Amino acid sequence: VNSCSKYNGRIHKEAHGRVWVIDKTTNAKIKAVFTTYLQFLDKIIYGDYWILKIDNEYHVILVGDPSLKFLWVLSRNNKIDDNIYQEYVKYAQ
């Protein structure tokens, strides 16, 4: 489940997904399908994602797509420590 929270902590977007590992050597390249109400299209709507950086505890992850159009810093917690966030932004640059 991917969700995005506003600054007040309320979730305003949520998507449920399935993920397949594409690169079995590194497990760093995956294909994902996220569905909300369009479940009948989930085999058509997908995204390719590359795991670029992840911490040892799997709490914060940097994910991009091969087109270089999208980049996300994701966290298992509602908030990311600003120092950690800046570290991931610097790595992405």
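**Exercise 1. Find which residues form a nonpolar patch on the surface, and give their accessible area together.**

Solution. Step 1: the patch consists of Trp50, Leu52, Leu71 and Tyr91. Step 2: together they have about 380 Å² of accessible area. Areas here come from the Shrake-Rupley method with a 1.4 Å probe, and for residues only the protein chains shown count as cover. Patch members have over 30% relative accessible area and no salt bridge; nonpolar side chains (Val, Leu, Ile, Met, Phe, Trp, Tyr) are joined within 5 Å, like charges within 9 Å. A salt bridge is a side-chain nitrogen of Lys or Arg within 4 Å of a carboxyl oxygen of Asp or Glu. Step 3: Tyr91 sits in helix H1, residues 82-92.

Before going on, note that this is a predicted model: local features need pLDDT of at least 70, side-chain atom pairs count only at pLDDT 80 or more, and totals for chains, interfaces and linings use all residues. Residues are numbered from 1 along each chain as its sequence is written, and side-chain values use heavy atoms, leaving out hydrogens and water.

**Exercise 2. Work out how many helices and strands the protein chain has, and in what pattern.**

Solution. Step 1: count one helix and six strands. These are DSSP runs numbered from the N terminus: helices are H or I with at least four residues, strands E with at least two. Step 2: read along the sequence to get β-β-β-β-β-β-α.

**Exercise 3. Decide whether strand S5 is mostly covered or open, and find its partners.**

Solution. Step 1: in S5 (residues 60-64), five of five residues are buried, that is, under 20% relative accessible area with a 1.4 Å probe, protein chains only (exposed is over 50%, partly exposed in between). Step 2: Val60, Leu62 and Gly64 lie on one side, Ile61 and Val63 on the other. Step 3: S4 (residues 47-54) runs antiparallel to S5, joined by four bridges; strands pair if DSSP finds at least two bridges between them. Lys53 has Leu62 as its bridge partner. Step 4: S5 also pairs with S6 (residues 71-75) in the antiparallel sense, over five bridges.

**Exercise 4. Describe the turns of the two hairpins.**

Solution. Step 1: five residues lie between S4 and S5, and Tyr58 in that turn has a positive phi of about 60°. Step 2: six residues separate S5 from S6, where Leu68 in the turn has a positive phi of about 70°.
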